[in-house]
Amino acid sequence: MSDWQPRLIASDMDGTLLRSDESVGPATVEELERWHSDGVPLVLATGRPPRWMHGIREVVRHGTAVCCNGAVLLDLGAMEIVDEDPLEPAALEAITAGLRRHEPTMWFAVEYGWEFRHEPVYRPRWDVDAPGVAAAGLDQMTAVPVAKLLARHESMGRDAFVRLVEDVVGDRGTVTNSSTDALAEISAPGVTKASGLAKVAARHGVGPEDVVVFGDMPNDIAAFEWVRAGGGRAVAMAHAHPDLLAVATDVTDGNDEDGVAAFLSTLRS
């Protein structure tokens, strides 16, 4: 694959494209612009909701974002949602009821895309008192479709908590994690970064064999497996979670060392 070049570049944001201070390094910006000028589109595949994409839009200014772990497709140029695969109320009610029976001290929040609601006892780590963020009762939160359900525990370990959530949710949803906290992210069945990325790739007439994808956390695993199975390149950051490293085709430098740019530069002829 020494002469292989991508026809689509996909990248996670936090811990991957973004440095620890949430900036994008100049070398990364320059490298992405080179590929963009050659007609290679960029897709940001992230757990972030659309309301968190304004900052990166000022840097990238083009392309598509696969938000909320695949549930929402966002046109970055227009800042418009162009597709959604939500978790429906019936499933929300069944999942939250089952989880609370198994672990009464877990708490819930939901992403609607442009807004965020959380139980009063749930402690948000970001967006505290931000516009569109408010406390709500569980019945209110689960009455309408959501992009993503969040379940948090304040004392359990991350891996044990995520396993518990996976066991209870079963095939009623897709469970993943992109945090060092005991925070499980739950999407509709079959909705992952891979499903969202596949939609965008198809719109560009591109298959997984022509995609390079970068990531660092377990919520990138599905995208890595989709690209790797198709013959593309799945590139983990040096500090990536062990489960992601296990399915990577390549490893690059860390996000603070502009690892995305470093790897992309090796692919240019």
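**View 1. Helices H2 and H10 pack against each other at an angle of about 35 degrees.** In this close-up, H2 covers residues 26-37 and H10 covers residues 259-267, helices being DSSP runs of H or I with at least four residues, numbered, like the strands (E, at least two), from the N terminus. Their axes are 8 Å apart; axes are lines fitted to C-alpha atoms, for helices over the stretch in contact, and angles run from 0 to 180 degrees between N-to-C directions. On the H2 side, the contact (heavy atoms within 4.5 Å) is made by Ala27, Thr28, Glu31, Leu32 and Trp35. H10 contributes Ala261, Leu264, Ser265 and Leu267.

This is a predicted model, in which local features need pLDDT of at least 70, side-chain atom pairs count only at pLDDT 80 or more, and totals for chains, interfaces and linings use all residues. Residues are numbered from 1 along each chain as its sequence is written, and side-chain values use heavy atoms, leaving out hydrogens and water.

**View 2. Six strands make an open sheet with mixed pairing.** Follow the order E8-E7-E6-E9-E11-E10 across the sheet; two strands pair if DSSP finds at least two bridges between them. At the edges lie E8 (133-135) and E10 (174-176), each pairing on one side only. Neighbouring strands are turned by 20 degrees against each other on average, direction ignored.

**View 3. Strands E6 and E9 pair in the antiparallel sense.** Residues 107-111 of E6 and 148-152 of E9 are joined over 5 bridges. Look for Phe108, whose bridge partner in E9 is Ala151. Helix H4 (residues 89-102) packs on the sheet here, touching E6, E9 and E11 (183-187).
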